[in-house]
Amino acid sequence: MRFIPLIVARPEVQMAIDEAIMRARIEGKVPDTVRLYAFSPSSVTIGRFQSVVHDVNLDEARRLRIPVVRRITGGGSVFHDEFGEITYSVIAGESFHPMLKNVGSSYRYLAGPLVDALRELGLDADFSGLNDITVKGKKISGSAQTRRKGVILQHGTFMYATRVEVLGKVLRVSGLKLRDKGVSSIWERVTTLEREGIKLNRWEAYGLLKRGFFRAFPLKEGKLTDYELELAERLVEEKYGNPEWNELR
């Protein structure tokens, strides 16, 4: 299983790389892959079937120069803070492990290293619902997934110092959704390592997650192939850098 070291890049590049790896894996050109990456600048990604207008405050995002890119995975809108969030991505065949056959168990299996990393820091972390990880009942990580031809792409957040005040400005979180979670504001719903009293910089958070994934999976460090890089470049031009894809209602 291949591990791709930290890549810091714009959101359209990161989403294109994830899809390129998935396509290459479907075609049998690359092995199952884990990677960790960070967005720069801070960005918003939105789920495949979500409404940009309903889920993102576009005026605020433009004012703060925060780009918005649509994912191929499900789920809702996500704020990726370049100063406080790392994203993980796992692309693997469903046959890699029996837990991957079931959607619910696959989320927990693939995001398990994040829970282990949080517990390593002494936090009482656990899964909540289908695809969230919480600490003291507050969300610190969320994941999204898609499946194609027997291959899974799952990626998700790890908020070590995300600026929750910016998150609250650029994402539209409905009062109904908050009430469903038993809270009245985004401050009650979300937490970070920093808010839990643990201060890490990007490289410390990256090292923590990397250790967790290497413990969980038989990983060997590698790099993206020329095929993946060329495909990702095309996907940026034709899809993720294209307003027609990103602004679908």
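Predicted model: local features only at pLDDT ≥ 70, side-chain atom pairs only at ≥ 80, totals over all residues.
I began with Lys136, which I found in the loop between β8 and β9 (138-148). Its phi is positive, about 55°, although Lys136 is not a glycine. I jotted down the background too: most residues other than glycine have a negative phi, and most peptide bonds are trans. Is Lys136 buried or exposed? I get 69% relative accessibility, so Lys136 goes down as exposed.

Next was Lys149, in the loop between β9 and β10. Here phi is about 50°, again positive and again not at a glycine. Lys149 has 77% relative accessibility and so counts as exposed.

Then I checked for cis peptides and noted the bond joining Ser40 and Pro41, with omega at about 10°. Pro41 sits in the loop between β2 and β3 (43-46).

**Ala38.** I looked at Ala38 in strand β2. With 0% relative accessibility, Ala38 is buried, since the cut-off is under 20%.

**Core.** Which residues have the most contacts inside the largest nonpolar core? I wrote down Leu118, Ile133, Phe158 and Phe213, in a core of 36 residues. The elements that each supply at least two of its residues are β1 (2-9), β2 (33-39), β6 (85-93), α4 (103-120), β7 (125-128), β8 (132-135), β10 (151-159) and α8. Helix α4 gives the most, with seven residues.

**Rings.** I count eight aromatic pairs in the structure. For Trp203 and Tyr206 I have centres 5.4 Å apart and planes at 90°; over 60 degrees is the cut-off, so I call the pair edge-to-face. Both residues are in helix α8 (202-216), three residues apart, which means about one helical turn separates them.

**Lysines over rings.** Which ring has Lys29 over its face? It is Tyr227, with Lys29 at 4.8 Å from the ring centre. I found another such case at Trp245, where Lys239 lies over the face at 4.5 Å from the ring centre.

**Second largest pocket.** I put its space at about 280 Å³. How many residues line this pocket? I get 15, and the ones nearest its centre are Pro67, Val68, Val69, Asn246 and Glu247. Two or more lining residues come from each of α3 (58-63), β4 (68-70) and α10 (243-246). The biggest share is from α3, with three residues. By type, the lining splits into nine nonpolar, two polar and four charged residues.

How values were computed: Residues numbered from 1 in each chain as written. Heavy atoms only, no water. Phe/Tyr/Trp six-rings, centres within 6.5 Å; stacked < 30°, edge-to-face > 60°. Helix = DSSP H or I, 4+ residues; strand = E, 2+ residues; numbered from the N terminus. Lys NZ or Arg CZ within 6 Å of the ring centre and 35° of its normal. 1 Å grid on protein atoms, 1.4 Å probe; cavity = no way out; pocket = protein on both sides within 12 Å on 5 of 7 lines; lining within 4 Å. Points joined across faces, edges and corners; volume = space filled by probe spheres on them. Nonpolar A, V, L, I, M, F, W, Y, C, P; charged D, E, K, R; others polar. Core = buried A, V, L, I, M, F, W, Y, C linked by side-chain atoms within 4.5 Å. Buried < 20%, exposed > 50% of the residue type's maximum accessible area, 1.4 Å probe, protein only.
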